[in-house]
Protein chains: 2
Amino acid sequence: MIEVECYISIKRNGISFLDPVKTRLLSEIKESGSLNGAAKKLEISYQHAWTMINEMNNAAPEPLVSKQRGGAHGGGAVVTSYGEKILKDYFAINSQVNKVVGQINVEINL
Amino acid sequence: MIEVECYISIKRNGISFLDPVKTRLLSEIKESGSLNGAAKKLEISYQHAWTMINEMNNAAPEPLVSKQRGGAHGGGAVVTSYGEKILKDYFAINSQVNKVVGQINVEINL
């Protein structure tokens with residue numbers, strides 16, 4: 001089966017701060033309340049998760065995650081209210097674009 | 001400036017065989033007529049370019065590139081007629097989806 005897929009990225013000054021992997025990381029941080037738990041769900045290292053968060057926070061207009069280093073569970077991480085807003089926007093845009101992509105998948109014959 | 005971008009991928013049985021980097025590789029092969037030249041334009045190694053072509057050819061319903069190993073210029077590579085067709089389809093889909101994304105960029109206030 002041949003299928004078109006679309007990946008949305010949100011950039012500031014040409015640098016991406018939100019993409020499918022990063023939105024998954026944010027969603028998992030919200031769910032588990034810990035960066036360690038989120039990293040495990042994504043099957044990436046804790047260090048990799050930190051790196052992604054630093055990239056996001058540095059590139060975005062405001063931090064998406066507030067970080068609390070250390071603690072028994074490898075540091076707390078909380079999605080900020082700006083992070084919540086942009087995550088919601090991301091999913092709305094993704095849904096809007098994927099309606100078009102879904103229509104293309106019905107129409108095309110690749 | 002905050003901007004939404006969209007990356008199109010074409011998959012067969014869940015495995016991507018065409019994405020922005022691979023379409024660039026195909027376009028450069030068409031332009032230069034050599035895999036070596038295309039790899040240089042993309043700033044990737046010759047081996048990396050071969051790997052991408054093998055991935056594409058294996059995942060797609062038909063080969064996108066026909067390969068001629070060896071020769072003075074590091075092997076010839078020719079985009080097949082199927083490769084030409086799917087590349088054209090890719091750009092048409094990309095343009096259609098990006099019209100919607102362009103409209104979103106006008107309307108949103110992230």
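Student: How many salt bridges does the rule find across the interface of chain A and chain B?

Tutor: A salt bridge is a side-chain nitrogen of Lys or Arg within 4 Å of a carboxyl oxygen of Asp or Glu, and across the interface of chain A and chain B the rule finds two. Before we go on, note that this is a predicted model, in which local features need pLDDT of at least 70 and side-chain atom pairs count only at pLDDT 80 or more, while totals for chains, interfaces and linings use all residues. Residues are numbered from 1 along each chain as its sequence is written, chains are lettered from A and ligands numbered from 1 in the order in which they are written, and side-chain values use heavy atoms, with hydrogens and water left out.

Student: Which residue of chain A forms a salt bridge with B:K11?

Tutor: The partner of B:K11 is A:E5, and the closest N and O atoms are 3.2 Å apart. Over all chains, the structure holds twelve salt bridges. The pair of B:K11 and A:E5 runs between chains, from strand β1 (residues 2–12) of chain B to strand β1 (residues 2–12) of chain A, where strands (E, at least two residues) and helices (H or I, at least four) are DSSP runs, numbered from the N terminus.

Student: What is the area buried between chain A and chain B?

Tutor: The size of an interface is often given as the accessible area lost when the parts come together. Here, with a 1.4 Å probe and the loss summed over both parts, the buried area is about 2200 Å², of which carbon and sulfur atoms give 65%. In chain A, the residues that lose the most area to chain B are A:Y7, A:K11 and A:L110, together 24% of what that side buries. If contact is taken as heavy atoms within 4.5 Å, 28 residues of chain A are in contact with 28 residues of chain B.

Student: At what angle do the axes of α1 and α2 of chain A cross?

Tutor: Two packed helices are described by the angle between their axes and the distance between the axes. Axes are lines fitted to C-alpha atoms, for helices over the stretch in contact, and angles run from 0 to 180 degrees between N-to-C directions. In chain A, the axes of α1 (residues 20–32) and α2 (residues 35–42) cross at roughly 130 degrees and come within 8 Å. Angles under 35 degrees count as roughly parallel, over 145 as roughly antiparallel, 65 to 115 as roughly perpendicular and the rest as oblique, and α1(A) and α2(A) are therefore oblique to each other.

Key: Buried area is the accessible area (1.4 Å probe) that two parts lose on being put together, summed over both.
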